[in-house]
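Trainee: Hi, could we go over how these two chains meet? I'd like to start with what counts as a contact.

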Protein chains: 4
Amino acid sequence: MTALDPDARSSALKDLPGWKYDLAYDALFRELTFSNFDAAFAFMTRVALTASRLDHHPEWSNVYNRVTIRLRTHDCHGISARDLELAAEINTILAASAPTQS
Amino acid sequence: MTALDPDARSSALKDLPGWKYDLAYDALFRELTFSNFDAAFAFMTRVALTASRLDHHPEWSNVYNRVTIRLRTHDCHGISARDLELAAEINTILAASAPTQS
Amino acid sequence: MTALDPDARSSALKDLPGWKYDLAYDALFRELTFSNFDAAFAFMTRVALTASRLDHHPEWSNVYNRVTIRLRTHDCHGISARDLELAAEINTILAASAPTQS
Amino acid sequence: MTALDPDARSSALKDLPGWKYDLAYDALFRELTFSNFDAAFAFMTRVALTASRLDHHPEWSNVYNRVTIRLRTHDCHGISARDLELAAEINTILAASAPTQS
């Protein structure tokens with residue numbers, strides 16, 4: 001794992017709507033607001049399942065209906081391809097339509 | 001808690017789209033299919049949080065992307081107002097729109 | 001993936017305390033009782049995270065503080081090495097000591 | 001809801017081992033380390049179920065196997081009886097013995 005250089009990072013962020021570069025943490029950053037705590041925590045559970053599958057985990061905090069996520073890769077002291085992958089998966093979760101109901 | 005009589009039950013089911021009466025279990029019944037396991041389990045987490053708040057819990061099973069829910073009230077050996085409340089909450093969860101994203 | 005033959009299955013079950021062979025489902029089977037719903041669902045969440053990592057999922061049901069788990073592999077119509085792996089991981093979760101607290 | 005005065009807060013903290021007063025946030029504070037991410041998130045799920053039942057939610061963050069919790073009551077701009085209750089419940093969760101297995 002190597003850290004992305006600033007150009008690669010800027011380029012990658014164009015494909016990750018909602019994510020920003022957090023200079024202080026040298027991390028990808030996204031903040032989300034849900035309708036209530038339950039919705040926020042159900043989202044976190046889904047992200048946790050994805051993180052477990054990718055073996056790459058977010059740094060995140062939750063206050064009631066808000067979730068703040070930072071993604072960086074400890075091993076390379078910066079943002080790696082694994083962070084981009086997790087950020088893209090989180091966007092897919094957020095874009096997911098309602099479940100098929102029967 | 002008292003069990004609903006058949007007329008009250010039929011009437012209540014009209015306001016609970018997706019739910020049926022399961023005669024064998026004397027329970028409210030709903031089956032759901034999600035896009036994958038993660039989506040199914042995130043939904044279950046949200047229902048679990050609701051159940052915890054209501055102090056009334058489902059009888060449910062999960063196989064990959066499918067979740068089967070039965071609601072009945074042990075104390076009254078039948079379907080009670082608490083089952084109707086939990087069923088309505090589950091429908092609200094399923095109808096919930098995507099999170100507000102910022 | 002191939003299904004274990006009866007001898008391999010019997011041999012494997014000796015290393016999986018708590019698990020039995022469920023003939024009707026041709027599955028590994030374990031039933032657990034927790035102190036309450038919350039403890040049962042927190043356990044399920046931990047198993048869900050493991051299942052996500054292994055990309056192999058249980059067939060399970062929950063009624064209040066009880067969790068019933070069946071493991072079989074759809075692709076080979078029987079019990080495979082992946083079921084043994086998930087069963088062993090579940091036993092590790094159950095044996096886990098209390099968290100390190102600071 | 002009223003905020004505890006400093007004497008009541010100090011007295012209450014004596015019954016809440018592991019918790020400290022966080023002056024900067026005017027909050028109860030506890031930091032926990034688990035064996036891995038899965039254990040940390042399963043714990044968070046159990047706390048979330050408790051929070052849902054109490055209708056009182058933590059301010060918390062998670063980085064891999066670490067969970068940091070702050071408890072304060074927005075409505076009274078300080079620490080209230082509800083924070084003490086949630087802190088005590090979290091301690092009970094942490095002290096819980098292994099599940100009854102059968």
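Predicted model: local features only at pLDDT ≥ 70, side-chain atom pairs only at ≥ 80, totals over all residues.

Trainee: Good. How many residues does the contact take from chain C and from chain B?

Mentor: Chain C puts in 13 residues, and chain B puts in 13 residues. On the side of chain C that touches chain B, α2 and β3 (59-63) each supply at least two residues.

Trainee: Which element gives the most to that side of chain C?

Mentor: That's α2(C), with 6 residues. By class, the side of chain C facing chain B has 7 nonpolar, 4 polar and 2 charged residues.

Trainee: Let's look at the helices, then. At what angle do α2 of chain B and α2 of chain C cross?

Mentor: Roughly 165°, and the axes of the two helices, residues 37-54 in chain B and residues 37-54 in chain C, come within 11 Å. Angles over 145 degrees count as roughly antiparallel, so α2(B) is roughly antiparallel to α2(C).

Trainee: And which residues make that contact?

Mentor: From α2(B), they are B:F37, B:D38, B:F41, B:A48, B:A51 and B:S52. From α2(C), they are C:F37, C:D38, C:F41, C:A48, C:A51 and C:S52. This helix contact has 8 nonpolar, 2 polar and 2 charged residues.

Trainee: Is the crossing left-handed or right-handed?

Mentor: The crossing of α2(B) and α2(C) is left-handed.

Trainee: Switching to strands: how many bridges join β3 of chain B to β3(C)?

Mentor: There are 5 bridges, and the two strands run antiparallel.

Trainee: What stands opposite B:V63?

Mentor: Its opposite number is C:E59 in β3(C).

Key: Residues numbered from 1 in each chain as written. Chains lettered and ligands numbered in written order. Axes fitted to C-alpha atoms, helices over the stretch in contact; angles between N-to-C directions. Helix = DSSP H or I, 4+ residues; strand = E, 2+ residues; numbered from the N terminus. Parallel < 35°, antiparallel > 145°, perpendicular 65-115°, else oblique. Left-handed = near helix turned anticlockwise from the far one by under 90°. Contact = placed C-beta atoms within 7 Å. Nonpolar A, V, L, I, M, F, W, Y, C, P; charged D, E, K, R; others polar. Pairing = 2+ DSSP bridges.
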